[in-house]
Amino acid sequence: MCEYCGCRSIELIGRFTEEHYSVIDRLGDLGRACSTGDLGAVGQAGVRLANLLWPHTKAEEVGLFHEMRKEEEYAPTIDALCAEHSSLDEQLERVIDGDLDEFPAFEKALRAHIDHEENGLFPAAAVGIDGPTWERINQLTHDFDHAEGIEHQHGEGGQGLGESAHAHEHH
């Protein structure tokens, strides 16, 4: 994950990057559960991952992605990242449902997706988005956090770190 361009100094991008670290940690837990073949452990680890991943991807989509899609040059990238979010959800559902052979493809896709954001979109956002647009992005994300019961901090920028209090049900 990128350490160099400085985009993490933007509070929301820093939040999303920290959430990526948590997602990768939970991905490791899921991989270890898959290696045991214990479907109960796989289901539990998968739901823990989903409970981080779903609010994270939706928060990206409602604020940052929503505003960046308005720019013609970013729209194809945003569309591709949203399609990756949907595909990742479907792959994770299959793993949670016991398709352990799906895990390697899911892991590869998730890591590639994070790379696309951290080494492509996030630096582009840091350079290409102006102050008023960041204010809109922060407000949209903040409103989403409130609507979904996602813990966050109030203060400068209106965005903080926090684990989701929202549990996403998987069937």
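**Figure 1. Overview of the chain.** The chain exposes about 8500 Å², of which carbon and sulfur atoms supply 51%. The model shown here and in the views that follow is predicted. Its secondary structure amounts to 5 helices and 0 strands, and the order of elements from the N terminus is α-α-α-α-α. The chain has 171 residues, and 44% of them count as buried. Of the contacts between residues at least 6 apart in sequence, 67% join residues at least 24 apart.

**Figure 2. Packing of helix H1 against helix H2.** Helix H1 covers residues 11–36 and helix H2 covers residues 39–69; the two pack at an angle of about 160 degrees, and their axes are 9 Å apart. An angle over 145 degrees counts as roughly antiparallel, and H1 and H2 are therefore roughly antiparallel to each other. Their crossing is left-handed. On the H1 side, the contact involves Arg15, Phe16, Glu19, His20, Ser22, Val23, Arg26, Leu27, Asp29, Leu30, Ala33 and Cys34. On the H2 side, these residues meet Ala41, Val42, Ala45, Gly46, Arg48, Leu49, Leu52, Leu53, His56, Ala59, Glu60 and Leu64. Sorted by class, the contact of H1 with H2 contains 14 nonpolar, 4 polar and 6 charged residues.

**Figure 3. Packing of helix H3 against helix H4.** Helix H3 (residues 75–96) and helix H4 (residues 103–128) have axes that come within 10 Å and cross at roughly 155 degrees. This angle makes H3 roughly antiparallel to H4. H3 passes H4 in a left-handed crossing. H3 contributes Thr77, Ile78, Leu81, Glu84, His85, Leu88, Gln91, Leu92 and Val95 to the contact. From H4 come Phe103, Ala105, Phe106, Ala109, Leu110, His113, His116, Glu117 and Leu121. The residues in this contact of H3 with H4 divide into 11 nonpolar, 5 polar and 2 charged.

**Figure 4. Packing of helix H1 against helix H4.** The axes of H1 and H4 come within 11 Å, with a crossing angle of roughly 170 degrees. By class, 14 nonpolar, 3 polar and 4 charged residues make up the contact of H1 with H4.

Figure 5. Glu117 is located in helix H4. Its relative accessible area is 0%, so Glu117 is buried. Leaving aside residues up to four places away in sequence, Glu117 touches His20, His56, Glu60, Phe65, Leu81, His85, Phe122 and Pro123. Along the chain, Glu117 lies 100 residues from Thr17, yet the C-alpha atoms of the two are separated by 9.2 Å.

Figure 6. Glu135 and Gly63 are 72 residues apart along the chain, and 9.9 Å separates their C-alpha atoms. Asp145 and Ala59 are 86 residues apart in sequence, with a C-alpha to C-alpha distance of 7.5 Å.

Figure 7. Arg94 belongs to helix H3. With a relative accessible area of 35%, Arg94 is partly exposed, because buried requires under 20% and exposed over 50%. Apart from residues up to four places away in sequence, Arg94 touches Asp99 and Glu102. Between Arg94 and Gly46, which are 48 residues apart in sequence, the distance from C-alpha to C-alpha is 9.8 Å. Gly46 is itself one of the H2 residues in the contact of H1 with H2.

Notes. Residues are numbered from 1 along each chain as its sequence is written. This is a predicted model: local features need pLDDT of at least 70, side-chain atom pairs count only at pLDDT 80 or more; totals for chains, interfaces and linings use all residues. Side-chain values use heavy atoms; hydrogens and water are left out. Helices (H or I, at least four residues) and strands (E, at least two) are DSSP runs, numbered from the N terminus. Buried means under 20% relative accessible area, exposed over 50%, partly exposed in between (1.4 Å probe, protein chains only). Contact means heavy atoms within 4.5 Å. Accessible areas come from the Shrake-Rupley method with a 1.4 Å probe; for residues, only the protein chains shown count as cover. Axes are lines fitted to C-alpha atoms, for helices over the stretch in contact, and angles run from 0 to 180 degrees between N-to-C directions. Angles under 35 degrees count as roughly parallel, over 145 as roughly antiparallel, 65 to 115 as roughly perpendicular and the rest as oblique. A crossing is left-handed if the near helix is turned anticlockwise from the far one by less than a right angle, and right-handed if clockwise. Ala, Val, Leu, Ile, Met, Phe, Trp, Tyr, Cys and Pro count as nonpolar, Asp, Glu, Lys and Arg as charged, and the others, Gly among them, as polar.
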